[in-house]
Amino acid sequence: MEAAVHATRRFILTLDKDCILVKLDISNAFNSLCRSRMMSAINELIPEIAPYCFLAYAKESQLKYGTYSIQSGVGPQQGDPLGPLLFCLPLQPTLLQLSSPLAFGYLDDISLGGPTAAVADDIETLEEECAGLGLTFNREKCELIAKDSQLTNHRSFRHFGYIDPDSATLLGAPLSTGTALKKALESRAEELDRALARLTIIARQEALLIRRHSLGTPKLIHTLRCAPCANHPGLTSYDQTLRKGLQNILNIDFTDSQWQQSTLPIGLGELGIRRASSLALPAFLASAAGTFELQTNILCVLDLHYTNLSSHWQTITELSLTEYSPGHVQAKWDNPIIQKELSELLLSTTELSEQARLKAVSSQHASDWLHALPITS
């Protein structure tokens with residue numbers, strides 16, 4: 001998913017006036033796929049699992065609802081762990097035949113990008129092939145992303161909705177650093193504000209546990225990994241909401257240094273409530289580096305955001321990528337930044353007692369209590 005978003009964002013950055021991006025939506029996709037075509041694809045592409053799939057899908061499935069029985073003879077069953085794979089197999093050969101420079105699918109979300117004429121031809125080809133699989137496009141939910149809104153008048157794009165490139169999203173992630181990213185961060189900040197207000201009515205340790213694992217930065221991680229949002233002002237606003245909510249839960253006021261300390265990992269003796277502004281850079285770089293090969297297979301275009309942000313990371317950490325090689329592991333991108341923040345905290349503290357306290361809470365096992373389940377007894 002992340003590779004698809006990164007490749008599409010790179011395509012949007014180089015979007016010419018004569019080029020477009022379309023996002024295709026298939027109506028009730030999983031429940032409409034022809035099983036005979038699905039089984040043929042399995043036999044051809046992955047014959048190793050064909051006997052198992054034959055046992056599961058050769059005959060109609062019996063679905064029970066109360067005293068009623070419903071015969072299900074179309075598509076993979078919901079809940080089948082193989083379901084996503086079985087759905088994708090029949091579509092894959094068609095996607096490989098398309099002429100658009102950008103052509104990929106993530107389950108039933110298909111994206112095509114390139115010159116208008118090439119994309120229009122591919123849509124007709126894909127629509128014809130999908131009809132043979134029992135699938136139909138929901139044109140009311142399909143989107144056309146281009147600099148010229150008049151392109152929606154093209155016969156192949158009838159009923160498509162028009163989206164400005166600056167407002168485009170894909171698979172829940174913004175494709176631009178402008179309006180799309182601003183709206184995504186504002187939406188998450190509003191969700192966080194509502195959730196944190198409700199956490200004040202339960203016990204503090206329970207609220208802190210829920211806050212650390214389920215709210216805040218964990219809810220934002222998909223956006224941080226997919227969008228180059230380091231240093232975006234929306235992250236500062238998000239962190240301010242986070243700080244205010246945490247102060248209400250704990251019934252204390254943080255100084256700036258205390259807030260910085262509390263947002264370091266638990267392993268360093270802190271609360272583990274990570275700031276989005278601190279995590280944005282390592283999250284994006286880890287995702288971009290880890291999916292680079294797959295991105296290149298989808299679209300061979302240089303990622304300027306990765307180049308610029310990796311240079312920024314080297315400036316902050318004073319490390320060389322050729323020597324350090326963090327690769328796809330987010331923690332390796334994150335650890336040098338964390339250590340730098342901890343060093344700054346120690347240097348900014350002049351009182352010996354404060355320095356001793358910081359060193360004590362960051363010693364091994366000092367904060368293990370934060371991992372304990374909140375049990376009343």
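Start by selecting helix α6 (residues 179-199) in this predicted model: Glu191 and Arg188 both sit there, three residues apart, or about one turn of the helix. Show their side chains and you will find a salt bridge, at 2.7 Å from N to O. Glu191 is partly exposed, with a relative accessible area of 30%, and Arg188 is partly exposed too, at 27%.

Next, move to helix α16 (residues 352-361), where Arg357 and Glu354 are three residues apart and so separated by about one helical turn. Their closest N and O atoms are 2.8 Å apart, forming a salt bridge. Arg357 has a relative accessible area of 33% and counts as partly exposed; Glu354 is partly exposed at 30%.

Now select Arg225 and Glu2 together. These side chains form a salt bridge as well, with the closest N and O atoms 2.7 Å apart. Which helices does this pair link?

For the last stop, select Leu63, Tyr65, Tyr68 and Ile70, which make a nonpolar surface patch of about 470 Å². Strands β2 (61-65) and β3 (68-72) each give two or more residues to this patch. Pick out Leu63 in strand β2: at 34% relative accessibility, Leu63 counts as partly exposed.

Conventions:
Residues numbered from 1 in each chain as written. Predicted model: local features only at pLDDT ≥ 70, side-chain atom pairs only at ≥ 80, totals over all residues. Heavy atoms only, no water. Patch = residues over 30% accessible without salt bridge, like charges linked within 9 Å, V, L, I, M, F, W, Y side chains within 5 Å. Areas by Shrake-Rupley, 256 points an atom, 1.4 Å probe, with all protein chains shown as cover. Salt bridge = Lys/Arg side-chain N within 4 Å of Asp/Glu carboxyl O. Helix = DSSP H or I, 4+ residues; strand = E, 2+ residues; numbered from the N terminus. Buried < 20%, exposed > 50% of the residue type's maximum accessible area, 1.4 Å probe, protein only.
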